[in-house]
Amino acid sequence: MIAPAPDDLHLDQKTLHYTKVHSPAAQSLLCQYQNRTDMIIFSKVLADRATVWEAIRAKEISCAEVPDDLIRFSSEIKPVIMWNITRECNLACQHCYMDARTKHPDEWTLEEGIRFIDEMASLDMPMLIVTGGEPLMSKNFFPFAFHAKEKGVRMVVSTNGTLITPEVAALLAEAEIRYVGVSVDAATAERHDTFRGVKGAFDRAMDGIRNAQEAGLKTGIRITIHKENWKDVPALLNLCVEKGVPRFCLYHLVPTGRGERMMDMDVTKEERTQVLQHLYDRAIELKDEEIEILTTDSPMDGVYILERLKREDPERFDKVRELLQISGGCSIGNKVANVDYLGNVNPCHFTPQMSVGNVKERPFNEIWNKSPGSQLLEIRERRMTLAGTCGRCDYMDVCGGCRQKAYFYDDDFYGGDPTCIYDPDKKRLEYELF
């Protein structure tokens, strides 16, 4: 059974505090209430030339002014921040990078979160990606959301979708949440529910997506691929098209949290290449449709695009490579940061072992900009010290590999990414399926 959110809480939008209420109307609403920029946007780089030029021009625009879907291409080095506002979750997903479960006694208070949002506003940070756990389980979610709106901080939500009732969707829209990303792990309810650990999770997620759409919110479906679900990608992409969901986002499994315990379920290089082949082909087929196709946590995907362009559309190769250079490959420690449910600052949400400070003790600006420690500085200069296959790769400028995978598999944070589909010595994809 899916756990509900707190049922005795009421949002006072003027004071941005929750207060105890017991009226039937309030309880009726609130009984039903209770989550990257390492993206390779297939639909953007494979679209018409005008779209590519638009993205390239975005490098001259500040993060605060650039459109949401072009933030990644701004040359201004301000991070999009993944903010875990709670550890609490109503599901038990096998791949959860947070190992989310119950609420931690020392996680964010309302006052601490408000101060953090104020600092984000003062720094003109481009976006807060609010996640958990399940962020909608937190009684502080809507106070944070409405305060971010008041301060002009763009906020998006990463959620399992199960708590998005029509009433919650209306509040999300009122708070001007820019995007609601819902995780879906299979094309069938039975397999999704098994992976998520709760019966009914799939149907509730589908209801949540529909409710968000009907409230006028931009929505997206996200899948983290592994051996048991990678063949579901075509069906889920088709589901997006059929339901008018404007974004399909594919995540690659990263060894963090519970994900560490299931890396034997990661896809093979050939399977990963088959998935990328499908996304590439479909991005071209759907270029006139209102859908964005992208991948994350895998900068090597940009290399796949370039290798295909080199053979199939060489005139576009240089411009697309320029676009991917601006995007910067793996954004760890530069264009992405994570602030977890205890306030720890990590250079990426998949590197919890690498805390570089705590915003409850020092301002984020001091940790990230004014006085970054040696560890963060080393990460930012990592392309000078990358070793192994990543260190000798001719696509280092657009990729750089996944540092957490290098650390997990070979205990070398700056080593080669053993899951990479490109062979830098032979200068070709290991599996050329096109």
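Predicted model: local features only at pLDDT ≥ 70, side-chain atom pairs only at ≥ 80, totals over all residues.
Start by selecting L172. Setting aside neighbours within four places in sequence, L172 is in contact with L136, F141, F142, I164, I177, V180 and L217. L172 belongs to helix 6, which covers residues 166–174. Is L172 buried or exposed? It counts as buried, because its relative accessibility is 1% and the cut-off for buried is under 20%. F146 and L172 are 26 residues apart along the chain, and their C-alpha atoms are separated by 9.0 Å.

**Two rings beside L172**

Keep L172 shown and select F141 and F142, both of which are among its contacts. The two rings form an edge-to-face aromatic pair, with 4.9 Å centre to centre and 80° between the planes. F141 is buried, at a relative accessible area of 0%. F142 is buried as well, at 1%.

For another edge-to-face pair, go to Y407 and F413, where the distance is 6.4 Å centre to centre and the planes are 70° apart. Which of these residues is buried, and which is partly exposed? Y407 counts as partly exposed, because its relative accessibility of 34% falls between the limits of 20% and 50%. F413 counts as buried, at 7% relative accessibility. In total, the model has 12 aromatic pairs.

**The nonpolar cores**

Next, select F42, W83, F141, L172, I177, F248 and F364. These are the residues with the most contacts inside the largest nonpolar core, which has 94 residues. Apart from that core lies another, of 13 residues, including V254, I332, M396 and F413.

**W83 and its surroundings**

Select W83 on its own, then show what it touches. Leaving out residues up to four places away in sequence, W83 touches W108, G113, F116, I117, L128, I129, V130, T131, F144 and V339.

Now select residues 80–84, which make up strand 4. Of its 5 residues, 5 are buried. V80, M82 and N84 are on one side of the strand, I81 and W83 are on the other, and both faces are covered.

Show the strands that pair with strand 4. One is strand 5, residues 128–131, which runs parallel to strand 4 and is joined to it by 4 bridges. The bridge partner of I81 in strand 5 is L128. Another is strand 11, residues 336–339, which pairs with strand 4 in the parallel sense over 4 bridges. Here V80 stands opposite V336.

**S43 in helix 2**

Select S43, found in helix 2 (residues 42–45). S43 counts as buried, at 15% relative accessibility. Leaving aside neighbours within four places in sequence, S43 is in contact with A283, I291, E292 and I293. S43 and A283 are 240 residues apart in sequence, yet they are 5.1 Å apart in space, C-alpha to C-alpha.

**Helix 12 and two arginines**

Select residues 317–327, which form helix 12. F317, V320, R321, L323, L324, I326 and S327 are buried in this helix. Helix 12 is followed by G328, whose phi is positive, near 95°.

R247 lies over the face of Y179, at 4.5 Å from the ring centre. R380 lies over the face of W368, at 5.0 Å from the ring centre.

**Last stop: confidence**

Colour the chain by pLDDT. The chain averages a pLDDT of 86, and 83% of the residues score at least 70. Where does pLDDT stay under 50? Select residues 5–37 to see that stretch. The model has 90 contacts beyond four places in sequence for these residues.

Terms used:
Residues numbered from 1 in each chain as written. Heavy atoms only, no water. Core = buried A, V, L, I, M, F, W, Y, C linked by side-chain atoms within 4.5 Å. Buried < 20%, exposed > 50% of the residue type's maximum accessible area, 1.4 Å probe, protein only. Contact = heavy atoms within 4.5 Å. Phe/Tyr/Trp six-rings, centres within 6.5 Å; stacked < 30°, edge-to-face > 60°. Lys NZ or Arg CZ within 6 Å of the ring centre and 35° of its normal. pLDDT = per-residue confidence, 0-100. Pairing = 2+ DSSP bridges.
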